[in-house]
Amino acid sequence: MKIESTFKIKKGLAEMLKGGVIMDVVNAEQAVIAEKSGAVAVMALERIPADIRAEGGVARMSSVETIQEVIDSVSIPVMAKARIGHFVEAQMLESLGIDFIDESEVLTPADDKNHIYKHDIKTPFVNGATDIGEACRRIGEGAAMIRTKGEAGTGNVIEAVKHMRSMTDGINKIKTSDQNELMSLAKEIKAPFDVVKEIHELGKLPVVNFAAGGIATPADAALMMQLGCDGVFVGSGIFKSGDPKERAEAIVIATTNYNDPEKLIEVSKNLGEPMVGINIDDLDEAEKLAKRGW
Amino acid sequence: MKTGVLALQGSFYDHVQSLELIDLDYVLIKDTSDLSNVNSLILPGGESTSMIKIQENNDLFSGLKKLIESGIPTLGTCAGLILLAKDVIDGETSLGVLNTVVERNAYGRQNQSFEGLVNLLGNKEMYCFIRAPKILSYEDSVTPIATIDNEVVGVIENNIVGLSFHPELTNDKVYLDWLSNFLKDGVNVRSL
């Protein structure tokens with residue numbers, strides 16, 4: 001007897017990615033560099049976040065050709081982004097055989113109120129969240145993995161730190177609440193009661209939680225791991241830097257050895273130029289991608 | 001007495017949880033220096049390509065290989081099985097201590113991943129197969145210990161056990177009892 005795509009199986013793949021680095025790639029060539037550098041998975045997208053930010057316009061799911069090319073070029077799991085609420089892009093990614101779908105605020109949202117109902121799609125989903133309420137809503141819709149939103153394409157880790165701390169606070173609040181308080185708490189954070197109850201019982205999120213949005217150096221990756229993330233996504237940080245291969249390898253080693261400053265020093269040497277960063281205060285409110293999603 | 005859990009990447013904390021349930025001490029292995037005082041080993045699921053790359057800079061696997069060849073009970077699940085196998089199709093051979101040929105991702109991509117009813121040492125339980133490797137063949141010195149629909153998904157050779165699936169995500173009593181016996185005294189388990 002075999003049953004495909006149960007929630008346990010969806011969550012299970014995320015469990016296997018823990019302690020690893022997932023890298024944004026826009027073509028097969030970058031995907032191969034990522035795999036050779038030790039990435040646990042690659043994320044196929046049309047343009048990396050820093051370019052989406054610079055060029056503007058509507059950002060959509062990658063072209064079918066690019067996704068196919070990336071799938072054919074590597075043996076590690078391939079993820080791809082769909083627009084928030086764009087369930088047809090998700091259905092197409094499912095049919096293309098993608099291993100994980102990121103319903104991502106980095107792309108231009110397709111629905112101003114609703115996210116995708118993810119339980120109906122065989123492929124597991126990862127969703128961004130800025131706090132515990134948002135994480136619970138996404139899990140309620142069927143997300144099998146959560147990541148901080150951070151502020152993609154900035155090379156600035158402050159928002160990812162903010163979101164991770166806020167998530168940890170939220171989990172602690174649920175964990176330490178009396179069970180009589182859970183419904184009121186669920187109402188306050190606008191979260192489905194069942195998910196809140198599950199977090200209360202487990203003492204942690206029921207799915208894996210990665211860091212994303214603004215991670216640019218090995219030290220950034222180690223910081224997020226020490227703050228309690230299960231692994232990291234690196235977007236623009238690698239292929240917008242001076243020496244992508246060196247930097248990718250360094251971030252992978254740093255994510256494993258996040259508690260070992262000597263190893264962090266060793267891998268941080270001779271990395272070339274990091275990506276140029278952006279101060280969050282220099283962004284208009286409308287330019288903040290983390291505000292997308294509801 | 002400690003069980004070393006390879007902790008380069010992957011589901012190593014799930015194995016730690018199993019060890020906590022059976023009251024065994026453990027140490028996370030990230031570096032050659034973590035290998036002292038280890039007398040049994042677990043290699044977890046994850047991405048084998050990533051693990052192989054991460055250990056390169058301190059050559060952890062040559063120390064690990066010596067330790068396994070010294071005869072200590074060693075369990076590999078999913079990617080752990082790939083690391084142990086002598087031959088890997090669509091992937092790299094690394095430790096090469098288990099006389100089997102395995103093929104990476106041979107059951108298909110994530111959409112074909114499944115929970116399946118496995119006969120493990122005579123007991124049937126649902127276990128997770130996640131982009132799992134397939135055991136294509138094995139030598140005479142290797143004995144099957146787990147099957148699904150008559151296909152071999154788990155083997156033992158001397159002190160080494162390799163499983164295609166993830167018992168650590170289920171932690172049923174039969175598995176935990178077996179694990180406890182195996183890690184404490186691999187020899188008794190072999191006679192099963």
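Okay, let's start at the interface: between chain B and chain A there are 5 salt bridges, where a salt bridge is a side-chain nitrogen of Lys or Arg within 4 Å of a carboxyl oxygen of Asp or Glu. Helices (H or I, at least four residues) and strands (E, at least two) are DSSP runs, numbered from the N terminus.

Before I go on, this is a predicted model, so local features need pLDDT of at least 70 and side-chain atom pairs count only at pLDDT 80 or more, while totals for chains, interfaces and linings use all residues. Residues are numbered from 1 along each chain as its sequence is written, chains are lettered from A and ligands numbered from 1 in the order in which they are written, and side-chain values use heavy atoms, with hydrogens and water left out.

One of the bridges to look at joins the side chains of B:D31 and A:K263, at 2.5 Å, N to O.

How many residues are in contact? It's 40 from chain B with 43 from chain A, contact being heavy atoms within 4.5 Å. Together the two chains bury about 3,300 Å², with 52% of that on carbon and sulfur atoms. Buried area here is the accessible area (1.4 Å probe) that two parts lose on being put together, summed over both.

Strand β1 (residues 2-4) of chain A runs antiparallel to β7 of chain B, over 3 bridges; two strands pair if DSSP finds at least two bridges between them. Within that, A:E4 has B:F114 as its bridge partner.

Now chain B as a whole. It has 6 helices and 12 strands. Its radius of gyration is 15 Å, close to the 16 Å from the globule rule for 192 residues, so chain B is as compact as a globular protein of that length. That radius is taken over C-alpha atoms, and the rule is 2.2 Å times the number of residues to the power 0.38. The C-alpha trace of chain B spans about 40 × 35 × 30 Å along its principal axes.

Last, back to salt bridges: over all chains the count is 30. Inside chain A, the side chains of A:K81 and A:D102 meet in one at 2.8 Å, N to O. A:K81 sits in strand β4 (residues 78-83) and A:D102 in strand β5 (residues 100-104), both of chain A, so this pair ties together parts 21 residues apart in sequence.
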